[in-house]
Amino acid sequence: MQKIPLMTAKAGMILARDVFRSESEIGIPICGKDTELTDTLIARLENLKVQSVYVEGHPVWEEGDRGLDDMLRDLDSRFAKVRQDPLTAKLHDIYANYLKRSMGESGGRKTD
Amino acid sequence: MDEKQTELKKIIMDTKTLPTLPGVINKLSALSDNDKSSVQEMARIVSSDQVLSARILRLANSPSYGFYRVSTISNAMILLGVNVVKSLAISSSIFEVMEKNSVGLWEHSLGTGVVSNMIAKKLGLPECEEIATAGLLHDIGKVIISLKCSEAEFEVRRIIDEKQIYMWEAEHEILGTDHAEVGCWLAKSWFLPDKLTEPIACHHNVEASANHRIKTSVVHMADVLIKASGFGDSGDSFVPLIQQAAWDALKLNEQIIAELVEELEDKLVEVKNFSLELQQDCDAPSP
Ligand SMILES: [Fe+2]
Ligand SMILES: [Fe+2]
């Protein structure tokens, strides 16, 4: 499952979660889980100001975003100047753990 | 400071070549912030300029303010406060340039606004909207440098590449000043309140902030977090050092940071969507 910006949604993708109006998970869903997206449906969600949807698998890959190992390598290079500093190093470790958790399981390409 | 630096700095900090602001803004500056009749007058003046109101409403509905559905200027003033609307009015012409020509910096600014708001809410701080605005504007000095002196911008980018240093370090080498100082000067020329000017001026040196240390610390931390996430492009790709002064002022701990990372990663998907929508609007031929 992946959370994607609605602007990157394409016909054929399958909803992995119910879609609600304006981010609040209360009330009646606009559109149910397991629905296959169509162009008309995407346009309708756009009109309802939906910003993001959860879809099956991991269909949207940004450039350079090729999986956990690459993400960790990018993280290390962003932190290259500050790894010696105890406070900033803590943030690095928190981020690395976050990436391992979110990419390691259902979010990652490996499981697809 | 050598001659070259002095010359470039003079070009950048020349008030005569400040981006021209809509005439409306001058009228706004004359009105006081909290006087009730002024607020109504201000709403009336802004609403009379349709292009300006549209830009303000678009920013007011940006993820930095948690996706309020703001549909009128008077509503924006009630929800976001007069100060925020005033700074959105005067910055909208700057953002207009940014959205089109430097999407990376625009996304970095938008992201910093979002995370500033997130931190402020999490810590239960007052004036979340103003803190979000300070975050949105914190690197405004970079836009001015690039607008007014492309030669300086080119040199700055070249030595960041060559020496792998932070952007503010490169700016000091080329200009003898940096975007924080330029941004502060700009904010002052536009008569923005101190609580917005100080975070812009001190986000790379929290200890120098005397009167608005908390707001400055939030913006500093938001900048660090958004650069840690890799979202947007602020000019260099290096995470800044977390300043002890900011950590102490906000009484942060590892638990809070871990929760923030989780929340911001979730939110960035929506921020990306907002930015993609804007780019699509920019690309679309005007009707
Ligand atoms: Fe900065
Ligand atoms: Fe920044």
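Predicted model: local features only at pLDDT ≥ 70, side-chain atom pairs only at ≥ 80, totals over all residues.
Student: In what pattern do the helices and strands of chain A follow one another along the sequence?
Tutor: Chain A has three helices and two strands. Read along the sequence, the pattern of chain A is β-α-β-α-α.

Student: What share of the contacts in chain A with a separation of 6 or more comes from residues 24 or more positions apart?
Tutor: Two residues are in contact if their C-beta atoms lie within 7 Å. Among the contacts in chain A with a separation of 6 or more, residues 24 or more positions apart account for 68%.

Student: Which helix gives the most to the side of chain B that touches chain A?
Tutor: The contact takes 21 residues from chain A and 22 residues from chain B. On chain B, α14 (213–229), α15 (244–249) and α16 (254–283) each supply at least two residues of that side. By class, the side of chain B that touches chain A holds eleven nonpolar, seven charged and four polar residues. With twelve residues, the helix that gives the most is α16(B).

Student: How many of the nine residues of helix α9 of chain B are buried?
Tutor: Helix α9 of chain B spans residues 140–148 and is mostly covered. The buried residues in α9(B) are B:Ile140, B:Gly141, B:Lys142, B:Val143, B:Ile144, B:Ile145 and B:Ser146. Of the nine residues of this helix, the number buried is seven.

Terms used: Residues numbered from 1 in each chain as written. Chains lettered and ligands numbered in written order. Helix = DSSP H or I, 4+ residues; strand = E, 2+ residues; numbered from the N terminus. Nonpolar A, V, L, I, M, F, W, Y, C, P; charged D, E, K, R; others polar. Buried ≥ 20, exposed ≤ 12 C-beta atoms within 10 Å, placed from the backbone.
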